[in-house]
Amino acid sequence: MDPQDHERFRDFVDARWSALLRLANLLTGGDRHEAEDLVQTALLKVLGRWRHIEDPEGYVRKVMYRHQISRWRLRRPHREATFAAPPESFGVTDGTSAADLRITVSQALARLTPRQRTVLVLRYFEDLSETEVAGALGCSVGTVRSTTHRSLARLRILAPELGSPVQMAATTANNMPLKGART
């Protein structure tokens, strides 16, 4: 790698590290260490092809998606993590209600299977269409639809206080509204 490419890569990592880490945190179910490992592994894979990549952000994200898929395909079923009961209400108006909601969403996502969590993150947090999710995961659109349906149903059971998953995604993704949830 020549010095210019090396400098471009460093600038990219410096500028996009936190955004990539947020995505990885969602994909791994809130495990900070696994999220850091996921980002670092993706960046290592990208480093060898850096010179040939036109859209570094998209390329790194796709590597992260695929690597996470490989991890949950290889992983044996594990016991579901248990968490303390979520707060009863979100009526606090001093700014903590948004933080409480983010915590509840993170805990609920962590209790989903890795496949369910990945589909929901790509659909609602990354705002990808069903076709784009199917392409990123290497499965059919029908699989994405059925997995999304089952994931949302399970999420409603795990955390009924969240309300609509689209509202939840809009609230938790950096407190920014979704670009436009596609159905």
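## Salt bridges and a helix contact in a predicted model

Eight salt bridges are counted in the structure, a salt bridge being a side-chain nitrogen of Lys or Arg within 4 Å of a carboxyl oxygen of Asp or Glu. The model is predicted, so that local features need pLDDT of at least 70 and side-chain atom pairs count only at pLDDT 80 or more, while totals for chains, interfaces and linings use all residues. Residues are numbered from 1 along each chain as its sequence is written, and side-chain values use heavy atoms, with hydrogens and water left out.

Side chains of opposite charge can pair when their charged atoms come close.

| Salt bridge | Closest N and O atoms |
|---|---|
| R8 and D5 | 3.2 Å |
| E57 and R61 | 2.8 Å |

D2, D5, R8 and R51 are linked in a network of salt bridges. Helices are DSSP runs (H or I, at least four residues), numbered from the N terminus, and strands are E runs of at least two.

D5 is buried, at 8% relative accessibility. R8 is partly exposed, with a relative accessible area of 39%, and R51 is exposed, at 52%.

The E57 and R61 pair belongs to helix α3, where the two residues are four apart and thus separated by about one helical turn. Both E57 and R61 are buried.

Turning to helix packing, α6 (residues 130-137) and α7 (residues 141-158) pack at about 105°, and their axes are 8 Å apart. Axes are lines fitted to C-alpha atoms, for helices over the stretch in contact, and angles run from 0 to 180 degrees between N-to-C directions. The two helices, α6 and α7, are therefore roughly perpendicular to each other, a class that covers 65 to 115 degrees, with under 35 roughly parallel, over 145 roughly antiparallel and the rest oblique. E130, T131, V133 and A134 of α6 make the contact with V141, V144 and R145 of α7, where contact means heavy atoms within 4.5 Å.

Definitions and conventions:
Buried means under 20% relative accessible area, exposed over 50%, partly exposed in between (1.4 Å probe, protein chains only).
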